[in-house]
2 protein chains.
Amino acid sequence: MNAPDKLQQLLSLTRKPFPQSRKVHVPGTQDGVHVPMREIALTNGETVTVYDTSGPYTDPTAHINIRQGLKPVRSEWVAARGDTEAYTGRSRVALDDGGKHGPNGEDMADTRIEALRAEAAALQRTPLRAKPGGNVTQMHYARQGIVTPEMEFIAIRENGKREWMRAYLGDAEREARLKGNPLGARIPDIITPEFVRDEVARGRAVIPANINHPELEPMVIGRNFGVKINANIGNSAVTSSIEEEVEKLVWSIRWGGDTVMDLSTGKNIHTTRDWIVRNSPVPIGTVPIYQALEKVGGVAEDLSWAIFRDTLIEQAEQGVDYFTIHAGVRLAQIPMTAKRRTGIVSRGGSILAKWCITHHKENFLYTHFEEICEIMKAYDVSFSLGDGLRPGSAADANDEAQFAELRTLGELTRIAWQHDVQTMIEGPGHVPMHLIQANMEEQLKHCHEAPFYTLGPLTMDIAPGYDHIASAIGAAMIGWMGTAMLCYVTPKEHLGLPDRDDVKQGIIAYKIAAHAADIAKGHPGARARDDAMSKARFEFRWRDQFALGLDPQTAEAYHDETLPKDSSKEAHFCSMCGPKFCSMKITQDVRDYAANQGVSEGEALARGMAQKSAEFKATGGEFYVPLDALTTKKA
Amino acid sequence: MNAPDKLQQLLSLTRKPFPQSRKVHVPGTQDGVHVPMREIALTNGETVTVYDTSGPYTDPTAHINIRQGLKPVRSEWVAARGDTEAYTGRSRVALDDGGKHGPNGEDMADTRIEALRAEAAALQRTPLRAKPGGNVTQMHYARQGIVTPEMEFIAIRENGKREWMRAYLGDAEREARLKGNPLGARIPDIITPEFVRDEVARGRAVIPANINHPELEPMVIGRNFGVKINANIGNSAVTSSIEEEVEKLVWSIRWGGDTVMDLSTGKNIHTTRDWIVRNSPVPIGTVPIYQALEKVGGVAEDLSWAIFRDTLIEQAEQGVDYFTIHAGVRLAQIPMTAKRRTGIVSRGGSILAKWCITHHKENFLYTHFEEICEIMKAYDVSFSLGDGLRPGSAADANDEAQFAELRTLGELTRIAWQHDVQTMIEGPGHVPMHLIQANMEEQLKHCHEAPFYTLGPLTMDIAPGYDHIASAIGAAMIGWMGTAMLCYVTPKEHLGLPDRDDVKQGIIAYKIAAHAADIAKGHPGARARDDAMSKARFEFRWRDQFALGLDPQTAEAYHDETLPKDSSKEAHFCSMCGPKFCSMKITQDVRDYAANQGVSEGEALARGMAQKSAEFKATGGEFYVPLDALTTKKA
């Protein structure tokens with residue numbers, strides 16, 4: 001990488017590692033399996049290892065050139081299976097980047113845009129597909145008993161440093177008391193590659209991993225694994241540079257996005273997608289009907305199977321890992337939405353409803369479903385079966401239309417599985433708390449335990465500006481109950497397009513929901529990071545508290561607002577209670593006192609502490625650091 | 001009020017009404033019962049009436065002079081009962097405002113501070129107390145079958161415009177589908193004054209209403225009423241002005257604080273409290289041990305019953321409505337905390353633990369509990385029995401210490417009830433989702449359905465900077481399960497002192513949690529505002545969406561970021577999907593089309609729409625407003 005190039009990146013891509021953190025790689029037994037994790041070095045000498053979605057962007061030793069794309073870590077695995085072939089691929093046409101039929105005419109002659117496209121074209125790889133009659137899905141391999149490198153990678157990744165976690169959590173009484181309630185999930189103590197294979201074979205887990213996305217660090221979506229989250233990004237109104245679009249991705253995975261959906265519409269969506277997929281270590285999902293609609297100038301009724309099919313192949317060749325397909329919106333179900341408070345709110349759902357009604361024909365995605373399966377299995381694109389009739393308000397939750405579609409999605413799941421195509425099911429939307437469980441139960445029942453991938457759900461409707469919170473409540477609950485992946489909601493939901501900070505707010509809210517769910521389910525080791533945090537709190541290791549948090553920078557900035565000095569980061573009190581009221585300090589003092597007596601606190605008490613009170617009082621002075629120490633105390 | 005005075009207030013107190021809103025008062029049958037509500041006028045001619053905690057501050061017609069305090073709406077009710085007497089009251093001493101024994105010496109001679117105190121002294125009323133041997137608690141009246149004006153006020157307030165709500169919600173299928181799951185709550189269709197009385201008599205509800213706080217607009221805390229929230233405020237490090245301290249209160253109730261706890265420490269806490277209580281339309285709670293500790297120079301072991309008792313009377317005379325009393329921290333339970341990850345984290349709990357251990361004596365609040373009851377019933381101060389041994393981390397949740405204290409709180413509840421003293425129980429803290437239900441069940445069982453008042457609970461520990469979200473998840477769940485009031489948590493929890501925006505963020509997160517709980521419980525009418533919001537969404541009434549939200553200003557600002565023009569507030573699309581993709585618009589178009597045929601959408605479909613497709617297509621043009629209409633479309 002030349003110097004100006006590097007400078008440009010430093011200016012535009014967020015590459016700073018998290019504080020006290022370094023990237024480590026845990027090797028597997030299969031070639032090329034090196035699983036990245038983030039290791040946090042605490043100031044007391046302990047290390048805590050956490051799941052890391054951020055890819056090489058947080059590794060300062062990684063050389064990244066977004067004009068070349070990330071290192072294709074999976075290429076050799078795909079090649080070694082010997083079941084794919086490279087081919088010329090579909091020719092890129094002007095229409096792929098939209099605008100030809102758009103209201104504002106064609107701008108393909110714009111030289112600046114042409115330059116951007118040239119950059120994207122340079123990134124595009126020669127596509128691979130299954131050899132004729134072949135099937136390259138992870139499910140297909142799993143069902144033949146094959147443990148792929150992807151599966152081993154995932155097993156190591158899901159385990160994390162499980163042994164450390166167990167030793168850290170330790171205490172038997174505590175573990176018995178905090179034992180999770182898995183509500184039907186069966187999470188083993190140790191995730192083995194064979195377990196990953198079995199779950200994928202059974203259809204209970206999905207590994208979104210297009211053979212044309214070799215840059216991917218494999219991950220799994222399933223209720224017997226950690227709960228995942230998805231973040232959505234879209235292209236800029238005016239595509240400005242590859243850096244800007246890639247930075248959206250980098251930013252999303254930095255804060256914890258496990259997958260990213262590219263929901264771009266309008267112009268340059270093919271170009272943008274090249275940039276994103278080539279630089280993404282996480283699975284990329286799309287809703288192909290959006291691009292197909294662009295190709296027909298936004299006129300839903302002009303959509304056709306031919307155009308849609310061509311779009312699927314276009315995106316599969318680019319390396320998209322999962323497609324939202326609204327094949328469950330059936331003509332007969334559309335009238336069920338007529339009495340709703342908010343009708344059809346899924347974009348894809350409404351586009352297809354419009355098409356169905358206009359032509360008075362069955363949804364062409366439903367009638368061509370097996371043909372879609374053929375495409376999916378040639379590239380290993382996973383289905384995310386869209387819930388086009390999801391409720392758009394609490395008033396419409398769990399209604400006839402929603403559940404009718406869910407049953408259709410269950411039928412389609414069976415068909416996809418006959419083709420060994422990996423499948424997950426999208427879910428609502430807007431659901432009051434007391435109706436969430438029914439959603440999960442209906443999904444498990446009708447969709448045969450295929451992973452559930454829900455948007456929220458929002459538990460209420462009156463919080464515009466705060467829907468990330470209104471929905472994080474529902475997300476945490478449905479995550480506990482069995483949802484495998486939570487699609488984030490930002491504070492701008494229902495109001496406008498999220499900016500950089502909104503994306504971060506949405507992701508953090510959803511990391512909270514997913515983590516709360518993991519703890520409730522009793523995911524082994526999930527609590528270890530919390531325990532390390534609690535210990536750091538009790539021991540006044542402020543910097544460790546920041547480092548262990550989901551957003552170290554914000555935590556430190558908040559602490560700085562009241563106690564900005566560096567010395568405060570070592571202080572044995574905080575600004576909330578001040579030195580006089582610090583309850584944690586009092587507790588520690590009590591323990592120290594007991595320890596000085598060479599006995600446990602309980603025993604010290606039992607021996608009768610009345611006669612000790614004078615001595616205890618004598619040590620009391622140090623509990624109460626004068627207030628001005630807030631600014632003068634040194635480490 | 002003179003002109004400079006008014007100007008000063010306008011500069012410092014937030015008095016602006018909410019958009020499209022006006023204050024209305026619903027009269028009761030008893031003298032002086034005029035219940036304030038907020039009426040939102042929608043642009044379609046409908047009005048929505050919502051519960052209003054903001055007091056006269058959002059009423060532009062109200063004359064407010066914070067140096068005189070609010071209008072004493074309850075004075076005549078208290079007087080009419082004829083069971084109280086005015087008396088000289090305890091003399092204010094310098095120590096009440098702290099500092100005498102403080103580390104930095106005494107500053108009582110400071111003339112500026114003296115001037116502030118003089119302002120506060122001017123506010124202080126002549127205290128009232130029960131006539132000798134009397135009892136002036138709402139519970140005492142309730143148990144004699146008396147429906148007080150406070151109870152009638154509350155019944156009207158809790159009902160809101162129930163008839164309107166029912167008519168609005170309307171649809172029978174929808175109501176059957178969305179029927180709440182009350183999990184043991186028994187919320188009647190209409191709240192009558194007699195129901196309020198019965199709940200208070202039974203101890204299942206608390207009306208915090210000190211006879212020395214006549215400015216109060218009565219409210220109720222109980223699981224068969226709407227879930228309430230509390231916000232905490234504290235004095236400024238350097239008390240600057242009455243306006244600044246009162247504004248904290250006004251700001252908290254503006255966004256929905258149902259009660260406010262004044263957790264001031266250090267100097268000038270008596271003065272600050274005068275300012276707050278005299279200007280508060282909501283109940284004020286305190287933790288008297290904080291002030292008592294100030295009086296003994298911060299040395300916990302120097303605390304005594306005499307000093308504590310004097311502090312209770314001081315605060316009762318000022319009009320504090322409920323006291324957090326950590327009488328449940330017993331000597332024998334303290335060793336149970338030794339093995340905890342985070343020991344004792346309650347400030348009050350640690351102060352008392354320190355006292356108990358130092359003296360090796362039983363907690364003096366426990367041994368003097370009946371004497372405390374005598375004070376409470378002379379003023380009608382309600383107990384909020386503190387959970388001094390609440391867990392400070394997920395690791396310590398639901399442990400032996402926590403539940404041992406809970407059982408003690410149950411015993412104390414019975415004693416308080418023998419004195420007809422109103423009582424609620426404070427709860428955790430830090431509890432993973434799957435352990436929340438056990439907390440609620442243990443509380444109901446051991447505390448005989450006395451209202452539960454919980455802090456959060458936080459469902460995890462790794463979200464510093466976002467603990468309002470981590471805890472809103474737990475708060476919504478425990479609210480659904482039966483908690484009557486939720487104590488808010490701000491984004492600064494564990495990190496620093498909340499500023500103005502943090503307070504707002506905490507309150508909004510908790511309004512969301514409380515509202516989600518009301519909906520899940522099936523609180524009659526709770527969903528009406530959501531339904532009105534959903535209808536406004538579907539009909540693109542943007543201004544109504546803002547007005548119906550919990551924070552209209554933020555919602556509108558977010559909308560403005562993408563579509564700033566006034567004309568966009570009338571646009572039949574939004575920036576998320578743009579005009580091409582608007583699913584709500586497509587749904588409406590489908591319905592309009594069906595309506596034009598003079599049939600329902602379902603019937604139109606049933607008649608076979610294939611032959612209509614040509615006509616339908618012809619109308620399609622208008623669905624797709626050109627993109628530049630985003631900036632040029634007029635209302």
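The model is predicted, so local features need pLDDT of at least 70 and side-chain atom pairs count only at pLDDT 80 or more, while totals for chains, interfaces and linings use all residues. Residues are numbered from 1 along each chain as its sequence is written, chains are lettered from A in the order written, and side-chain values use heavy atoms, without hydrogens or water.

**Chain A overall**
- Chain A has 26 helices and 15 strands. These are DSSP runs, numbered from the N terminus: helices are H or I with at least four residues, strands E with at least two.
- Of the 635 residues in chain A, 67% are buried. Buried means under 20% relative accessible area, exposed means over 50%, and partly exposed lies in between (1.4 Å probe, protein chains only).

**Where chains A and B meet**
- The contact (heavy atoms within 4.5 Å) takes 132 residues from chain B and 131 residues from chain A.
- The buried area between the two chains is about 11,400 Å², with 66% from carbon and sulfur atoms. Buried area is the accessible area (1.4 Å probe) that two parts lose on being put together, summed over both.
- Four salt bridges cross this interface. A salt bridge is a side-chain nitrogen of Lys or Arg within 4 Å of a carboxyl oxygen of Asp or Glu.
- Asp531(B) pairs with Arg341(A) in a salt bridge, with the closest N and O atoms 2.8 Å apart.
- Helix 19 (residues 500–521) of chain B gives the largest share of the chain B side, 11 residues.

- Side chains of opposite charge can pair when their charged atoms come close.
- Glu314(A) and Arg273(A) form a salt bridge at 3.9 Å, N to O. Glu314(A) lies in helix 12 and Arg273(A) in helix 10 of chain A, so the pair ties together parts 41 residues apart in sequence. Both residues are buried.
- Glu314(A) and Arg273(A) also belong to a network of salt bridges that includes Arg90(A) and Asp310(A).
- Lys535(B) forms a salt bridge with Glu46(B), the closest N and O atoms being 2.7 Å apart. Lys535(B) lies in helix 20 and Glu46(B) in the loop between strand 2 and strand 3 of chain B, so this pair joins parts 489 residues apart in sequence.
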